[in-house]
Amino acid sequence: MNELTQLCKLLKKDFTPRIRDPSKPVRCWSEKDFLEDKVVDVYVIILRTRGCSWALKSGCTMCGYFNDSMWEKVSDKDLLKQFDRAMENYSGERFVKIFTSGSFLDDNEIKPAVRNEILRELSEKTDKVSAESRPEYITDEKLSTIKEIFQSKTFEIGTGLETANDFVREHAINKGFTFNDYKKAAQTLKKYNFKLKTYVLIKPLLLTEKESIDDSTSTVDKIKTYADTISFNPTNVQRNTVVEYLWKRKQYRPAWLWSVVEILKTSKKLAGNARIKCDVAGGGSIRGAHNCNKCDRKFLDAIVDFSLLQDTKVFEDLDCKCREKWLDQLDIENLGFGSLVDFSGRYQ
Ligand code: SF4
Ligand SMILES: [Zn+2]
C-alpha cells in the first residue's frame, strides 16, 4: 500500500457514518438531459447501499460519496423498499438514471437478483436507463443478463476514468485501475451495444491549473473512440477527503470556471461524435470550481446550456476582469510548484 492509499484510508479512520433509515433512498429528483436528439426530463434515483468497495478499502482522493453510504450491509428487502419509495415520485420520465454512491454492478452493493428486478421494472417503464460502475464489474456475465432485460432499449454505464494518464490516476487520484482496464470494459459494453459515458475529472489533486487543462483535453483525444458521452466533473472539495485535507492547508484550489470553459471549447473540437457535458457540483462556492464570484453565475449557466445544446457559442459573451488573474495563475503557478493560494479576490 503506497502513502497516498494510506492517507485516503487514514482520513476515514475516525469517520462515523450518520444513522440513516436503510429503507429510504439518498435522494431522487427530476432534471434535464438529452435523449434521441431532444432535451427531456430525466428522473434520477440515488440508492443508499453499503458503499463503494474501493472507498471501503481506501478510496479516491476527491471522493466523499462514502459520507452518504451506510458502511454496513443493506438488506435486499430494504434496497427494494428504497426503490419503491423513489418510484412514488416518478412521473413517467422516459429516461431514468439510477445510481448508488458506488457501483451499481458491484454485487457487494446490490445483489444480482435485486439489481435485475429493479432494471426489469425500469426497462418496462422507460426508453433509457443509465447506471454507474467501476470497470472491474463490467463483465460479460452481468451484461448478458442486462441485455436479456433491455433487448433493444438503451442502457448506459457511466464510469469514472478521470484521466487517460495512468500516472496521474494512480498518484493523484488513487483510482485503483488502469486505462487498459477502462478500454477492456468499453469493448465489453460495445459487444452488447450498450452506451458508455466516461467521467473526466477537472483539476485532480497535485496538478497545476495548466497541467489540468492539458490533462483533460488530451484525455478527450484518447477516449473519443470509446465514449459515447464525455462528462467532465470539476473537483469539488468533499468532506473527509485528501483534497479537503490539502485545501484546508491552502495547498489546493478548485478549478477556475475559465479553465472549465477552455476545456469544454477544446474538447468539443476534438471529440468527434462523442457528446460533451459538464456537471459543476458546488460551482461558484469556495469548495467548487469558481471565478471571482461576480461572474460565476453567468459561467455556470453557460456551462449548463452548453451541456444540453452542444454549442460553444454560449461561451462567446463571457467576460470579466478576473480573466487577467486566471491568466496570471497559468503563467506563474509553476514557480510555486502549483501551490498558489486562492487569489481570485474572494477571500482576501
Ligand atoms: S470516485 Fe467512484 S470509485 Fe472512487 S471512491 Fe468514489 S465511488 Fe468509489
Ligand atoms: Zn469574474
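Angles under 35 degrees count as roughly parallel, those over 145 as roughly antiparallel, 65 to 115 as roughly perpendicular and the rest as oblique. Please keep that definition in mind. The structure above is a predicted model, in which local features need pLDDT of at least 70 and side-chain atom pairs count only at pLDDT 80 or more, while totals for chains, interfaces and linings use all residues. Residues are numbered from 1 along each chain as its sequence is written, and chains are lettered from A and ligands numbered from 1 in the order in which they are written.

I begin with the sheet. Helices (H or I, at least four residues) and strands (E, at least two) are DSSP runs, numbered from the N terminus. Eight strands form an open sheet in the order E1-E2-E3-E4-E5-E6-E7-E8, with mixed pairing; two strands pair if DSSP finds at least two bridges between them. Strand E1 (27-35) and strand E8 (275-278) stand at the edges with a single partner strand each, so one side of each has no neighbour in the sheet. From one strand to the next, the twist averages 25°. Strand E7 (residues 229-234) runs parallel to E8, and four bridges join them. Isoleucine 230 stands opposite isoleucine 276 in E8.

Next come the helices on the sheet. Contact between two residues requires their C-beta atoms, placed from the backbone, to lie within 7 Å. Axes are lines fitted to C-alpha atoms, for helices over the stretch in contact, and angles run from 0 to 180 degrees between N-to-C directions. Helix H7 (residues 179-191) packs on the sheet and touches strand E5 (154-162) and strand E6 (195-202); the direction of H7 makes about 175° with that of E5. Helix H8 (residues 209-223) also packs on the sheet, touching E5, E6 and E7, and its direction makes about 165° with that of E6.

How do helices pack on one another? The axes of H8 and helix H10 (residues 257-270) come within 9 Å and cross at roughly 25°, which makes H8 roughly parallel to H10.

Which residues of H10 and helix H11 make their contact? The two helices, H11 being residues 296-309, pack at an angle of about 25° with their axes 10 Å apart; H10 and H11 are therefore roughly parallel to each other. Leu257, Val260, Val261 and Leu264 of H10 meet Asp296, Phe299, Ile303 and Phe306 of H11. By class, this contact of H10 with H11 has seven nonpolar, no polar and one charged residues. Here Ala, Val, Leu, Ile, Met, Phe, Trp, Tyr, Cys and Pro count as nonpolar, Asp, Glu, Lys and Arg as charged, and the others, Gly among them, as polar.
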